Amino acid sequence: MHTPASMVMGIVFAPLGLVLVFTAAITPQWREGQARLGMAGPGSLLRSGTKSHGTRSSSVEALILLRSDGLWESCLQVERSDLRQCWPVAGPYQRDPRVRLAQGLVLTSLFLCGTGIVLACIGVRCWADLPLRGVAASGGLLVVTAGLLSLTALGVYTHNLKRLGMDPSQRIHNPRYPHLNLHPAGSLYFGWLGSCLQVLGGAALLFSFKRPRCPTCPSRHELSVSPCHSCPEMTNKPDMDVYEVSC
């Protein structure tokens with residue numbers, strides 16, 4: 001069987017989008033930021049003076065902390081160091097309704113996309129002579145919906161990226177706490193790419209609703225001389241010059 005190009009495109013793009021969105025969902029790099037801390041360096045006591053002149057030096061080493069957040073995990077790492085610690089999201093960030101909305105949309109997107117891919121594989125039926133076009137197109141509709149849901153989750157998160165987990169009633173400007181410069185991280189870009197691939201793949205599968213035409217069939221007047229063997233089920237229709245293949 002010659003599989004239509006739209007079906008092949010959908011079968012390829014939809015799983016790629018699913019893998020990318022799943023990768024984005026489980027990795028803790030939706031947003032990241034760094035903060036500079038000051039700590040006294042070793043050997044800060046001056047040992048060359050007398051007891052009355054023994055003071056601490058003002059030399060300070062800069063310590064840069066890297067913070068990253070995902071939908072289900074947050075991590076903290078010291079720059080240029082192997083010190084790294086991750087933990088499940090908690091506190092105001094976990095309770096933020098926008099984070100919860102993004103979590104729900106991504107989970108729903110993954111479920112719908114997986115179900116759509118299964119339906120598309122059943123509908124394409126590369127091992128059979130004719131595909132089940134309605135089943136393949138229904139799978140494409142689910143994949144498109146999944147892509148739109150994940151795009152919505154990414155849009156909500158990106159739009160509120162610097163405000164997630166922040167209590168608007170508390171304006172923290174305490175110098176004791178470092179200020180984090182938050183910006184989008186790599187997982188967001190994986191999610192955007194995967195969502196676009198889902199929409200493209202699902203849209204390609206939706207073209208399965210369009211049935212191909214049989215241009216080789218002669219008209220009803222010519223059937224008595226040269227019957228059309230490629231569309232045998234259409235020979236009993238009286239007033240059609242171009243016959244549709246029922247797939």
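**Cysteines**

I started with Cys86, which comes out partly exposed at 33% relative accessible area. I'm keeping in mind that this is a predicted model.

Next I asked: which residue does Cys86 form a disulfide with? The partner is Cys75, with an S to S distance of 2.0 Å. I looked for others, but the count comes to one disulfide. Cys75 sits in strand β3 (residues 73–78) and Cys86 in strand β4, so the bond ties together parts that are 11 residues apart in sequence.

Is Cys75 buried or exposed? I found a relative accessible area of 1%, and buried means under 20%, so Cys75 is buried.

I looked up two further cysteines as well. Cys113 is buried at 0% relative accessibility, while Cys121 is partly exposed at 39%.

**Arg84**

I then moved to Arg84, which is also in strand β4 (residues 84–88). Arg84 is partly exposed, at 43% relative accessibility. Leaving out residues up to four places away in sequence, I see Arg84 touching Pro28, Gln29, Cys75, Leu76 and Gln77. With Gln77 there is a side-chain polar contact of 3.2 Å.

**Helix α3**

Last stop: α3, residues 97–124. I checked its length: 28 residues at 1.5 Å each should span 40 Å, and the end C-alpha atoms are 40 Å apart, so that agrees. At the start of α3, I noted a side-chain oxygen of Asp96 within 2.9 Å of the backbone nitrogen of Arg98. After α3 comes Arg125, with a positive phi near 45°.

Definitions and conventions
Residues are numbered from 1 along each chain as its sequence is written. This is a predicted model: local features need pLDDT of at least 70, side-chain atom pairs count only at pLDDT 80 or more; totals for chains, interfaces and linings use all residues. Side-chain values use heavy atoms; hydrogens and water are left out. Helices (H or I, at least four residues) and strands (E, at least two) are DSSP runs, numbered from the N terminus. Buried means under 20% relative accessible area, exposed over 50%, partly exposed in between (1.4 Å probe, protein chains only). Contact means heavy atoms within 4.5 Å. A polar contact is a pair of N or O atoms within 3.5 Å; within protein, one must be able to donate a hydrogen and the other to accept it, and residues adjacent in sequence count only if both atoms are side-chain atoms. The expected span of a helix is 1.5 Å times one less than its number of residues. A disulfide is a pair of cysteine sulfur atoms within 2.5 Å.
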